[in-house]
Amino acid sequence: MNPVVLIAEELAPAAIEVLAHDFDVRHVDGTDRPALLSALSEADAVIVRSATQIDAEAVAAAPRLKVVARAGVGLDNVEVPAATARGVMVVNAPTSNIVSAAEQAVALLLAVARNTASASGALKAGEWKRSKYTGVEVQGKTVGVVGLGRIGVLFAQRIAAFGTRLIAYDPYIQPARAAQLGVRLVGLEELLRESDFISIHLPKTPETVGLIGEKELALVKPTVRIVNAARGGLVDEQALADAIAEGRVAGAGVDVYSKEPCTSSPLFAFDNVVATPHLGASTHEAQDKAGLAVAKSVKLALQGEFVPDAVNVQAGGVVAEDVRPLLPLAEKLGRAFTAVAGGVAASVTVEVRGEIVSHDVSVLKLAATKGLFSSVVEEQVTYVNAPHLAAERGVEVSLASLAETAEQPTLVTVRGALPDGRTVSVSGTVTHSGARDVLKLTEVDGFDVEIGAEGILLFLRYADRPGVVGTVGTLLGESGINIAAMQVARREAGGETLMTLTVDQALGADLLTSAAESIGATAASAADLRDE
């Protein structure tokens, strides 16, 4: 049975096409709460826009849920902590609307500069009053950009084409980067004093709420026009309305409000205010990009791969193409480590060796942590809740990156200290067979091995002597267990030996115990390295 992807709001056809071949795509009206909760009972993933509420109740109604996807930027309608506690990944489309948002800010700036909206309204009402709606040119003016993030940069690039002088306030960007963009960095007060136009492009945080208020508006030119197409609440709406009413601000373009939906604001009383109902992301292109982006993320998540746009995963950014094959390897090494160790370690280090460390390999620590707990806890272990599981159990997981390698060009080792003082390690690498990545174990607790990191592996430690291999093979054969691969490693003749077997089906605890007793094994364990 294919995983079920539940679509709770309208999604672009191209996005649905991404999912249709591999998943059972179902639809529900996300605003119909009883229908939503019922449909979630069989969902592995749910995709929403802004109208559907995915809260703790919704998450609890979905025992199979692995990913919640918001086809847009904000996550106000998704209770991220509730999802995280259940190990459910939350993804959104953080770059889907950046062009549309930047263009909306430009549109508002031009509209308020030329009185476009009020002149249009007057003409449609039968009034021809050209002189009343005389505006100002943008060319040659100073435009202050508050926030040089992705959208702020796009806005700056576009408004620069009008022959403007650009200044910006952003305490988190280096002056050299701003200079590359043709922007001079200044303090907020200087920006307020110098600007003929001000456009705001900041996220809404406790530090930015009310950033432009009565005190700040007392510093601006009376000819300034202010645009906010970022987030409501960054500008004090009442203070801005008062400044416009008193002639201390010449006009404003507003797309966002402190409380939305907003149908009543003191700003709506003025002809020199262009007000729109949060249209920053309201383009066909942005909506299509958002749907397509989250569909691809859902597909990655349900296939067990790392998702760069997951907001509740403790490893951000894009995973380099060369690093991706190591993700399943690191996870399987974590599983094998727990099996060999016989329990949870006190501390674990994920060592990555080779030229691969020129990339960001921090995600491999996360993948290994996921593997460490996959057979230890009852709940679903994901990239989301793996760090929390480690923290709850007091297991410190660290990462070590080393450029040199031994025999392998790339080597990943999971090494841990157990509560009884022992140290256990499991190592592996990835080789290539045509277009296929081959995952291999190369070391298990100090023994050199070379066996595929796949299927169900048995590890038996015993004193080297004749007849052991035959005894184990006979016992498993009589129990209907087929051996797909086997390797025996020893440090010296007659010394401690490790037998590693790949078998076609899981062994019950009783059979594993019988196999160990039949050869006098000092340790016996099984690791399920099958793909999830």
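I began with charges over rings. Arg-491 lies over the face of Phe-447, 3.9 Å from the ring centre. I keep in mind that this is a predicted model.

**Aromatic pair.** Next I looked for ring pairs. I count one aromatic pair. The ring centres of Tyr-257 and Phe-268 are 5.8 Å apart and the planes stand at 80°, so I log the pair as edge-to-face; the angle is over the 60 degrees required. Both residues belong to the loop between β11 (251-254) and β12 (273-275), eleven residues apart. Phe-268 is partly exposed, at 36%.

I then checked omega. The bond from Glu-260 to Pro-261 is cis, with omega near -5°. Pro-261 is also placed in the loop between β11 and β12.

**Parallel sheet.** I traced an open sheet of five strands. Its order is β2-β1-β3-β4-β5, and the pairing is parallel. Which strands stand at the edges? They are β2 (24-27) and β5 (89-91); each has a single partner strand, so one side of each lacks a neighbour in the sheet. On average, neighbouring strands are turned by 20° against each other, direction ignored.

I zoomed in on one pairing. Strands β1 (residues 4-7) and β3 (residues 45-48) run parallel and share three bridges. Val-5 faces Ala-45 of β3 there.

Two helices pack on this sheet. Helix α1 (residues 13-20) touches β1, β2 and β3, and its direction makes about 140° with that of β2. Helix α12 (residues 284-302) touches β1, β3, β4 (67-70) and β5. The direction of α12 makes about 170° with that of β4.

**Helix α13.** I took its length. Helix α13 (residues 326-341) has 16 residues and spans 22 Å from first C-alpha to last, close to the 22 Å expected. How many of its residues are buried? The count is 15 of the 16, so the rest of the structure largely encloses α13. Just after α13, Gly-342 has a positive phi of about 80°.

**Strand β21.** I followed β21 (residues 496-503) and its partners. Seven of its eight residues are buried, so β21 too is largely enclosed by the rest of the structure. Strand β19 (residues 456-463) pairs with β21 in the antiparallel sense, over eight bridges. Strand β20 (residues 483-490) is antiparallel to β21 as well, over seven bridges.

Tyr-462 has Thr-497 as its bridge partner. Arg-490 stands opposite Thr-497 too.

**Positive phi without glycine.** I logged two such residues. His-278 has a positive phi of about 50° although it is not a glycine. His-278 is in the loop between β12 and α12, and its 33% relative accessibility makes it partly exposed.

Asp-445 also has a positive phi of about 50° and is not a glycine. Asp-445 is in the loop between β17 (436-444) and β18 (447-452). Is Asp-445 buried or exposed? Asp-445 is buried, with a relative accessible area of 15%.

Conventions
Residues numbered from 1 in each chain as written. Predicted model: local features only at pLDDT ≥ 70, side-chain atom pairs only at ≥ 80, totals over all residues. Heavy atoms only, no water. Phe/Tyr/Trp six-rings, centres within 6.5 Å; stacked < 30°, edge-to-face > 60°. Helix = DSSP H or I, 4+ residues; strand = E, 2+ residues; numbered from the N terminus. Buried < 20%, exposed > 50% of the residue type's maximum accessible area, 1.4 Å probe, protein only. Lys NZ or Arg CZ within 6 Å of the ring centre and 35° of its normal. Pairing = 2+ DSSP bridges. Axes fitted to C-alpha atoms, helices over the stretch in contact; angles between N-to-C directions. Contact = heavy atoms within 4.5 Å. Expected span 1.5 Å × (residues − 1).
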